[in-house]
Amino acid sequence: MAIFVNEVSRTFGEYLLIPGLTTRQCTPQNVTLTTPLVRFARGEKARISLNIPFVSAIMQSVSNDTLAIELARNGGLSFIFGSQPIAEQAEMVRRVKKFKAGFVSSDSNIRPDATLRDVLRLRAETGHSTIGVTEDGSPNGRLLGIVTSRDYRLGTTPEDALVQDFMTPFSKLKVGRLGISLKEANNIIWEHKLNTLPIIDEEDHLVYLVFRKDYDAHKDNPVELSSKETKELLVGAGINTRDYAERVPALIEAGADVLCIDSSDGYSEWQYDTLRWIREHYGNDVLVGAGNVVDEEGFRYLAEAGADFIKVGIGGGSICITREQKGIGRGQATAIIDVAHARDKYFEETGIYIPICSDGGLVHDYHMTLALAMGADFLMMGRYFARFDESPTRKLKIGNNIVKEYWGEGSNRAQNWQRYDSGGTEGMKFEEGVDSYVPYAGKLKDNLAQTLGKMKATMCSCGAITIAELQQKAKITLVSSTSIVEGGAHDVILKDRG
């Protein structure tokens with residue numbers, strides 16, 4: 001006979017937070033949203049911690065390199081979608097790592113005997129206005145000069161003019177020597193009013209470029225998620241349980257900081273095999289999350305297989321129809337509460353803390369704070385990020401509304417049967433996701449600031465200024481259907497906002 005779980009499967013919309021004592025210390029500017037991304041032992045710190053508790057979903061319509069760059073600049077992390085060829089996914093990872101690293105490898109280089117026509121073609125291909133002139137045209141050749149838009153004038157400088165005749169030559173460049181600190185490099189930039197500082201080795205080979213704009217950008221993004229050593233932005237990547245032996249090495253070589261197995265149901269031997277293969281070939285050097293699960297058994301299975309974090313949630317996403325199609329899933333609030341208990345129990349027994357990620361079921365901003373209070377360490381979101389300029393989909397006008405396309409990885413459009421693989425040889429025969437639109441919302445940074453402002457205000461009302469404190473102090477209550485109605489505007493005639 002089947003096992004019956006008598007606990008009602010509940011959603012975030014069925015709960016509210018009860019205010020705690022708001023002390024003088026509980027002000028938004030004192031709130032820190034730092035949270036661990038990956039497992040760590042008692043008394044130690046996680047190898048990667050997020051500066052805000054948000055990661056973007058592993059979806060074609062959400063997580064490409066442009067969104068990954070902007071989210072990392074604002075303290076979160078993206079997982080580049082894996083439902084694409086390995087080489088293309090790896091290239092997206094590389095673009096994130098090279099976007100802003102403090103010390104940047106020169107991607108645009110040219111020989112001195114090239115022409116302005118070659119410079120213009122290279123600029124059109126790469127979008128870079130600063131081009132290194134090296135002896136052999138390679139990124140690490142002997143530096144002979146630099147070409148920027150200030151070195152030539154379109155319509156005046158002949159297109160067949162040689163680079164060596166109009167470049168800024170090495171003799172007139174300010175350079176830094178390999179081993180210089182980023183602070184020292186920025187001091188040279190400011191002292192000499194430079195836009196770019198080439199970093200060279202003892203034999204005058206070009207090694208890096210340091211840009212003034214990167215310094216300015218960092219000041220505008222104080223919670224940027226980057227490497228302390230190289231200042232490279234951090235980025236994750238999704239993998240599957242089919243081609244991991246080829247995909248994982250390529251993503252690691254490209255610079256991915258963390259991986260995540262992408263599946264609607266993570267409690268499977270396929271995920272176990274994938275995790276064990278990674279541990280056998282890379283030990284603990286490669287960080288990898290797994291999921292999704294909704295109960296203690298699923299959590300334990302993946303924890304013991306070696307997962308560095310575990311995603312929680314089946315069927316709660318706005319475009320996911322797994323529950324409708326397969327009758328599989330659990331209310332997201334109940335799933336988080338259950339798995340959070342399992343995580344804490346595992347920590348008590350083993351001394352190993354494995355963060356959990358709430359994936360799906362978030363309708364309103366306050367649901368995010370509820371999910372954290374219930375025990376989630378961070379949140380994975382698709383619909384939320386799909387609305388922004390930085391997501392990869394088209395912006396369209398439908399009637400009087402501006403929208404962006406948004407589709408699930410389980411939809412036919414995603415053509416990603418590997419995500420829903422059950423171990424057989426046949427492809428997916430039915431959809432577990434829909435093709436849809438979401439209201440266009442503008443820039444990520446502006447919307448994120450508002451969401452985080454709400455989250456910090458709610459935490460202050462609960463008497464907490466850290467996520468860990470919120471989880472300890474939060475008081476949560478179930479609400480009735482009538483109290484949900486009471487919580488919104490009611491019994492009034494609203495003014496027309498148009």
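The structure is a predicted model, and the values given here are computed from it. Two packed helices are described by the angle between their axes and the distance between the axes, and the two pairs below are presented in that way.

**Helix H9 with helix H11**

- Helix H9, which covers residues 296–305, packs against helix H11, residues 332–350, at an angle of about 45 degrees, and their axes are 9 Å apart.
- The two helices H9 and H11 are therefore oblique to each other, and their crossing is right-handed.
- On the H9 side the contact is made by Glu296, Phe299, Arg300, Ala303 and Glu304, while H11 contributes Asp338, Val339, Ala342, Arg343, Lys345, Tyr346 and Glu349.
- Sorted by class, this contact of H9 with H11 holds seven charged and five nonpolar residues, with no polar ones.

**Helix H2 with helix H7**

- Helix H2 (residues 86–99) and helix H7 (residues 244–254) have axes 8 Å apart and pack at an angle of about 20 degrees.
- Because angles under 35 degrees count as roughly parallel, H2 is roughly parallel to H7.
- The crossing in which H2 passes H7 is right-handed.
- From H2, the residues that make the contact are Ile86, Gln89, Ala90, Val93, Arg94 and Lys97, and from H7 they are Glu246, Arg247, Ala250, Leu251, Glu253 and Ala254.
- By class, the contact of H2 with H7 comprises six nonpolar, five charged and one polar residue.

**The largest pocket**

- Rolling a probe the size of a water molecule over the atoms shows where empty space is left.
- The largest pocket has a volume of about 1100 Å³, and of the 40 residues that line it, Thr34, Thr35, Pro36, Phe40 and Ser49 are the closest to its centre.
- Strand E2 (35–36), helix H11 and helix H15 (467–473) each supply at least two residues of the lining, and the largest share, six residues, comes from H11.
- The lining of the largest pocket is made up, by class, of 17 nonpolar, 13 polar and 10 charged residues.

**Backbone geometry**

- Most residues other than glycine have a negative phi, and most peptide bonds are trans.
- Glycine 291 and asparagine 292 are joined by a cis peptide bond, with omega of about 15 degrees, and asparagine 292 has its place in strand E16, residues 288–293.
- Lysine 193, a residue other than glycine, has a positive phi near 55 degrees, and lysine 193 is found in the loop between helix H5 (182–191) and strand E12 (196–200).

Key. Residues numbered from 1 in each chain as written. Predicted model: local features only at pLDDT ≥ 70, side-chain atom pairs only at ≥ 80, totals over all residues. Heavy atoms only, no water. Axes fitted to C-alpha atoms, helices over the stretch in contact; angles between N-to-C directions. Helix = DSSP H or I, 4+ residues; strand = E, 2+ residues; numbered from the N terminus. Parallel < 35°, antiparallel > 145°, perpendicular 65-115°, else oblique. Left-handed = near helix turned anticlockwise from the far one by under 90°. Contact = heavy atoms within 4.5 Å. Nonpolar A, V, L, I, M, F, W, Y, C, P; charged D, E, K, R; others polar. 1 Å grid on protein atoms, 1.4 Å probe; cavity = no way out; pocket = protein on both sides within 12 Å on 5 of 7 lines; lining within 4 Å. Points joined across faces, edges and corners; volume = space filled by probe spheres on them.
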